[in-house]
Structure formats: structure tokens, C-alpha cells
Amino acid sequence: MRKRPVVLVTRKLPEAVEDRLRRDYEPRLNPQDRLYESDELIALAAGADALLPCHTERLTAQLIARLPESVRAIANFSVGVDHVDLAAARARGIIVTNTPDVLTDATAELTILLMLGAARRASEGERLMRTGAWDSWSPSFMVGVQVTGKRLGIIGMGRVGQVTARRARGFDMTIHYHNRRRLSAGLEGGAIYHQTAEELLPHCDFLAMHCPATPETHRLLDGVRIALLPGGAIVVNTARGSVVDEEALITALKSGKLAAAGLDVYNNEPHINAAFRELPNTFLLPHIGSATRETRDAMGFRALDNLDAIFAGRAPRDRVA
Ligand code: 8YV
């Protein structure tokens, strides 16, 4: 019988995904879901044919250089691949894949939740209820910003951006966007294209970040660009913390330039900038964009589809390097 490929699975994955791994591979699972240090990861990878990591593993050029010769593939359980040095993997001939499509709906849902939560002061309201501090009601109590009918600007009109736009149209929002390339009229669905972020920003009552983290998008939303937003705008981010200059965002939230921010992603997760916690006008979630049962299963299956193809000698559907 052909030897089943050994797969180092760095985190605890959904039961159905681990069942399939046990059926088709020789998996090295992590039932305790411990975060591996680099040395430990390298030791555990000895003799492995593939890695199945999450975005929590930083697969730097140094780490990739230390991977054993046996590793042929890195099948990520994530759509974002900013945690992997793709050039280093390419240089070693290691195939890298991701899991697009399957987390689009879940992430777009979370963007809408962040918009509503930030605009309607959900965090403050929840805190009042949980601490028992709610003691009165008045017409001026907890007044927020209405979402319906506003202009939503989207930076990065890929899969998630497009679904966010569709969902936002349910709130009669007008969609503006900036993307490297203009979409076809069919995909645009009436959204208004802006060739640069600078041109887009003055049109955004709400701004949603949906671009991947790359050197080009690093701190794309900085102080200069925040200044171009209308006063009282609301920023939401389900992409990556690195696409926002957090200090500039905090300054704008403190000054009232921005009414609020809804954030699911941060620099230096999970040790987020403490100012976000202290500000009343932030609505904060702990990187749960794809955290639905349906999506997490689908992410695992998609990663396994990619591995199946690689070990069957076929081209994986989601090759990124
Ligand atoms: C995942 C994500 O939970 O897929 C991504 O890029 O950011 C998240 O939705 C995480 O990356 C899993 O590794």
C-alpha cells in the first residue's frame, strides 16, 4: 500500500476536517491547540510531507529555510497568506495554497456586524447592560449614526468586498470602491469606481477595508488618508491590522474626526493596542471573520482538497506559490 503523506497540522481543526485527515493522511494533530514556537514546529515537521498551518504560524524566510527537505507543500487554513514568505517557499520549491471563496460570506457578514455595531454604539450599550449601569432613558441617550442610505466606501473589491457591497445594498447604501483594477459592469452592480484611495475617501460615510496585506497596502489607511474622510465617518476592518496605521486611527477616534471604528483585526494580535479598549467609540471583535461552523469546516475541506491534488500529482486549485 502507498504510504500516506504525513501532514503537520499546527492547530486544532474542526472534527470533520480532522476525521478526513485521519482517513486520508498520517496527520500530526495538535489536540491541545498549543501555539508552537519555531523550534518546536521545525522539530515536529521532521519527515512531514506537508504543513497545514493557520495565520497564527509565522512562516518566515528563516523558518522556511529550516523546514526539512521532505516538506513539499504548505496548505494554509486561511485565505490571507501574509504570514507566509511566499518567495522563500517558491525558492525551495514548496507549493503554497490558501482557502479563498469559502470564507467570503462569513467575513462579509462580520463587516456588516462591525458597521452596525460601531454606528449604533453596540459596545457601549452592551457594557451598560452587563454591568447593570443602565438606569435611565432619554431622547438623547445612546444616539448613534444611521447606516441606512449612507455611502459605503470599499478598499479592495475582491470576493469579500463584492459580497459586502451586495449585503450593504440591503441597507440602501450607495457603494463606492477603490481596487487595483476596475470591475466589469456586471460585478460592479452600480458601484462607483475611484482610481485611487485618495479619490474614494471623501465619498465615504463608512469605509470598509477588504484588501489583502501586502507591502503595497501596508498602513494604506494612514493619517493623511484618514484626513480625507468626511468628518464623523466610520471605519471598519476585517482584512488585516497592517492595512491601517493604528496610531493615526486612534488619534482620529479621540479627536472626533471619526465617529467610530469597528475592528476584527489588529497589529500584534492578540495583544492589541490598549487604546482601542479604552476608547468608547470602538466596537471590537477578536479576529472571528471566518468563525462560523460552516465556514471553518469548508476552510479545512478546501485545504485538504488542495493537498489531495498535490499528492495526486494534479495542480491544486488554490496555488499562491
Ligand atoms: C482565519 C483569516 O480565521 O483566512 C484568513 O485569512 O484571516 C481568518 O478568517 C485565519 O486566518 C485562519 O488561519
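Select D172 to begin: D172 is placed in the loop between α7 and β7 (174-178), where helices (H or I, at least four residues) and strands (E, at least two) are DSSP runs numbered from the N terminus. D172 is not a glycine, yet has a positive phi of about 55°. At 56% relative accessibility, D172 counts as exposed; the scale takes buried as under 20% relative accessible area, exposed as over 50% and partly exposed as in between, with a 1.4 Å probe and protein chains only.

The model is predicted: local features need pLDDT of at least 70, side-chain atom pairs count only at pLDDT 80 or more, and totals for chains, interfaces and linings use all residues. Residues are numbered from 1 along each chain as its sequence is written, and side-chain values use heavy atoms, with hydrogens and water left out.

Next, select D33, in the loop between β2 and α2 (38-44). D33 also is not a glycine and has a positive phi of about 55°. Its relative accessibility is 31%, so D33 counts as partly exposed.

**Helices α5 and α7**

Display helix α5 (residues 104-119) together with helix α7 (residues 159-169): the two pack at an angle of about 50°, with their axes 8 Å apart. Axes here are lines fitted to C-alpha atoms, for helices over the stretch in contact, and angles run from 0 to 180 degrees between N-to-C directions. α5 and α7 are therefore oblique to each other; angles under 35 degrees count as roughly parallel, over 145 as roughly antiparallel, 65 to 115 as roughly perpendicular and the rest as oblique. The crossing of α5 and α7 is right-handed, a crossing being left-handed if the near helix is turned anticlockwise from the far one by less than a right angle, and right-handed if clockwise.

To show the contact (heavy atoms within 4.5 Å), select T104, D105, T107, A108, T111 and I112 on α5, and R159, V160, V163, T164, R167 and A168 on α7. By class, the residues of this contact of α5 with α7 are five nonpolar, four polar and three charged. Ala, Val, Leu, Ile, Met, Phe, Trp, Tyr, Cys and Pro count as nonpolar, Asp, Glu, Lys and Arg as charged, and the others, Gly among them, as polar.

**Helices α1 and α13**

Move to helix α1 (residues 15-24) and helix α13 (residues 293-311), whose axes come within 8 Å and cross at roughly 20°. α1 and α13 are therefore roughly parallel to each other, and their crossing is right-handed. On the α1 side, select A16, V17, R20 and L21; they meet R296, D297, G300, F301, L304, D305 and D308 in α13. This contact of α1 with α13 has five nonpolar, one polar and five charged residues.

P14 is the next selection, in the loop between β1 and α1. Leaving aside neighbours within four places in sequence, P14 is in contact with F77, R296 and D297.

The structure holds three aromatic pairs; rings of Phe, Tyr and Trp (its six-membered ring) pair if their centres lie within 6.5 Å, and planes under 30 degrees apart count as stacked, over 60 as edge-to-face and the rest as tilted. One of the pairs is that of Y25 and F311, which is edge-to-face, with 6.1 Å centre to centre and 65° between the planes. Y25 is in the loop between α1 and β2 (26-28) and F311 is in helix α13, 286 residues apart, and the pair thus links distant parts of the chain. Y25 counts as buried at 3% relative accessibility, and F311 counts as buried at 14%.

Y25 is also among the residues touched by R4, along with R22, R23, D24 and E26, not counting residues up to four places away in sequence. R4 itself is found in the segment before β1 (6-9) and is partly exposed, with a relative accessible area of 31%.

Select R240 in the loop between β10 (233-237) and α11 (246-255). R240 counts as buried at 15% relative accessibility. Beyond its neighbours within four places in sequence, R240 is in contact with H55, G80, D82, A213, V265 and H287. R240 and N267 are 27 residues apart in sequence and 7.7 Å apart in space, C-alpha to C-alpha.

Finish at P270, in the loop between β11 (258-263) and α12 (274-278). The peptide bond from E269 to P270 is cis, with omega near 0°.
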